[in-house]
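Please examine the sequence and the structure shown below before reading on.

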Amino acid sequence: VGWFAGISRIGYATSLDGKDFGFRNPAPVLYPKPIPGDCCNRDRKSRGKCAHFCEYSNRTGLLHHRESKEVTSMTHYDGEGGCEDPRVVQDAEGTYWMTYTSYDGHIARLSIASSKDLMNWEKHGLAFRYYPDTWSKAGSIVSTYYPDGRVVATRIGPSKQYYMFWGEGTIKLATSDDLKIWTPMGKWDDTTNRWGGGVLAPRPGSWDSDLVEPGPPALLRGDKILLIYNSKNLGRGGDSRFPQGTYTAGQAIFSSSSPSTLLLRTDEPFLIPDQPYEMKGQINNVVFLQGLGFLHGTWFLYYGTADSLIGVATAPGELDGDSPS
């Protein structure tokens, strides 16, 4: 148990049908993991002494020892809040890339990790390396979904880069050449205003009136991008059908040739908390979408319920195109 009454860790489970998960790894696969000689160990952090021993490098996105310059761990950013909200895609070579939130109890920071097997992960530091103290989370990388179940990050736009929707408050965009180092687009770096700028904003009087936040990896289909997003309702000035703080889900369509261009947005939420395990839990009235997969003609949508359990919703569907060779 950490200083903030719990440390988030990311686990690993498998299923043959997408619904029943028979295997659940007994240990987490990504978590705050101190290393011997860490310049920002728990004792130093509790006494506010990390800055005396560590310095941040925007080259690596990690902390380094001031004297030895050796790379230290992500403990300063991952703990004591933990690692949470993972979204995973593959690249063309089959490497898995995860965007996740590093939370130290004060600032949420979008971070990057990679793996060859989903079990052993290498942390690559902060996604936005030149702005280590900017609140950032929820990285949804634009990807192609294939019939064999793969979700592959895809270069798009005039510059043929990777694009990622991100943010909590308003949804913003970022680009990358390597899936490791990301550059935010437009007005985004006002750390006191998470609702500034962006390509998708909350709507007054609506179910998405308080904030919006990306969901699963965005789906590339032809000349359009489908972004499933999470939203929070205001008590006063929101949608009176839902209690204050209710999280529901919407969808938005953007142009793949100009990913900042919004083409269409749903007027109504397509997933709401209406089951007992969605309406009551650690945080009541929450469905929070993070995973999407396609297999055997069925879409599988994975989401958190009341910040307590993991649920899945399914729908029949089709995919255009064949898998790449």
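The model is predicted: local features need pLDDT of at least 70 and side-chain atom pairs count only at pLDDT 80 or more, while totals for chains, interfaces and linings use all residues. Residues are numbered from 1 along each chain as its sequence is written, and side-chain values use heavy atoms, with hydrogens and water left out.

**Nonpolar cores.** A nonpolar core is a set of buried Ala, Val, Leu, Ile, Met, Phe, Trp, Tyr and Cys residues joined through side-chain atoms within 4.5 Å; buried means under 20% relative accessible area (1.4 Å probe, protein chains only). The largest core has 28 residues, of which F128, M164, W182 and L289 touch the most other members. At least two residues of this core come from each of β7 (108-115), β11 (151-153), β12 (162-166), β20 (287-295) and β21; strands are DSSP runs (E, at least two residues), numbered from the N terminus. Strand β20 gives the largest share, four residues. A second, separate core holds 18 residues, including I156, I171, V212 and F242.

W182 is in contact (heavy atoms within 4.5 Å) with I112, A127, F128, I141, Y162, Y163, M164, A174, T175 and S176, leaving aside neighbours within four places in sequence.

**Cavities.** A cavity is a set of points, on a 1 Å grid over the protein atoms alone, where a 1.4 Å probe fits but cannot get out; lining residues have an atom within 4 Å of a point. Grid points are joined across faces, edges and corners, and a volume is the space filled by probe spheres set on the points. Two cavities of 30 Å³ or more are counted.

Beyond residues up to four places away in sequence, T305 touches Y277, E278, V286, I310 and G311. With neighbours within four places set aside, G311 is in contact with L301, Y302, Y303 and T305. The C-alpha atoms of G311 and Y277 are separated by 9.2 Å, the two residues being 34 residues apart along the chain.

Definitions and conventions. On a 1 Å grid over the protein atoms alone, a cavity is a set of points where a 1.4 Å probe fits but cannot get out, and a pocket is an open set with protein on both sides within 12 Å along at least five of seven lines; lining residues have an atom within 4 Å of a point. Buried means under 20% relative accessible area, exposed over 50%, partly exposed in between (1.4 Å probe, protein chains only).
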